[in-house]
Amino acid sequence: MLVRKNYAQLGEVKAPYVHAVKHGDTLYVSGLTAFGTSAQQADIAAQAEVIFQQLHTIAAEEKRSLQDLIKVTIFITSFDEITALRSVLFKHYGDHLPASSLVQISQLFSPDLKIEIEAIIAL
């Protein structure tokens, strides 16, 4: 059975998707960005921090933590700030590294966004 979920703390979704879909013991989290936050026009590290706060919120709502991340897919618009991004990733992953894909794309839905992260979390 699929359970489609939105999290009030992340704000209202105004597009044709939900924040996450639960299937069995797995939660599939839609791509998260810093859109609509104070970090929207900031550097990639600041945007990534906002995204990880969103992931922490989702995990906490599910009574889990980021130690339960199975896989992340990270979309970035440039590798110019990769060192700063890696620092944020290691900070939030700790010793619990997930499987990961890192993909450079030309642009996200808003030109000032530099990063989008989608995740799979074990429940």
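Hi everyone. Before we start, one definition: when I say two residues touch, I mean they have heavy atoms within 4.5 Å of each other. And please keep in mind that this is a predicted model.

Let's begin with Q54, which sits in helix α1. Is Q54 buried or exposed? Its relative accessible area is 14%, so Q54 counts as buried. Setting aside residues up to four places away in sequence, Q54 touches L10, L32 and T33. With T33 there is a polar detail too: a polar atom of the Q54 side chain lies 3.0 Å from the backbone oxygen of T33.

Now for the helix itself. Helix α1 covers residues 44-61, and it packs with helix α2, residues 82-93, at an angle of about 20°, the axes being 9 Å apart. Because of that angle, α1 is roughly parallel to α2. The crossing of α1 past α2 is right-handed. Who makes the contact? On the α1 side we have I44, A45, A48, E49, F52, Q53 and H56, and on the α2 side A84, L85, V88, L89, K91, H92 and Y93. Sorted by class, that contact has 9 nonpolar, 3 polar and 2 charged residues.

Last stop: F35, in the loop between β3 and α1. F35 has 47% relative accessibility, so we call this one partly exposed. Which residues does F35 contact, leaving out neighbours within four places in sequence? They are Q40, F109, S110 and L113.

Thanks, everyone!

Key:
Residues are numbered from 1 along each chain as its sequence is written. This is a predicted model: local features need pLDDT of at least 70, side-chain atom pairs count only at pLDDT 80 or more; totals for chains, interfaces and linings use all residues. Side-chain values use heavy atoms; hydrogens and water are left out. Axes are lines fitted to C-alpha atoms, for helices over the stretch in contact, and angles run from 0 to 180 degrees between N-to-C directions. Helices (H or I, at least four residues) and strands (E, at least two) are DSSP runs, numbered from the N terminus. Angles under 35 degrees count as roughly parallel, over 145 as roughly antiparallel, 65 to 115 as roughly perpendicular and the rest as oblique. A crossing is left-handed if the near helix is turned anticlockwise from the far one by less than a right angle, and right-handed if clockwise. Ala, Val, Leu, Ile, Met, Phe, Trp, Tyr, Cys and Pro count as nonpolar, Asp, Glu, Lys and Arg as charged, and the others, Gly among them, as polar. Buried means under 20% relative accessible area, exposed over 50%, partly exposed in between (1.4 Å probe, protein chains only). A polar contact is a pair of N or O atoms within 3.5 Å; within protein, one must be able to donate a hydrogen and the other to accept it, and residues adjacent in sequence count only if both atoms are side-chain atoms.
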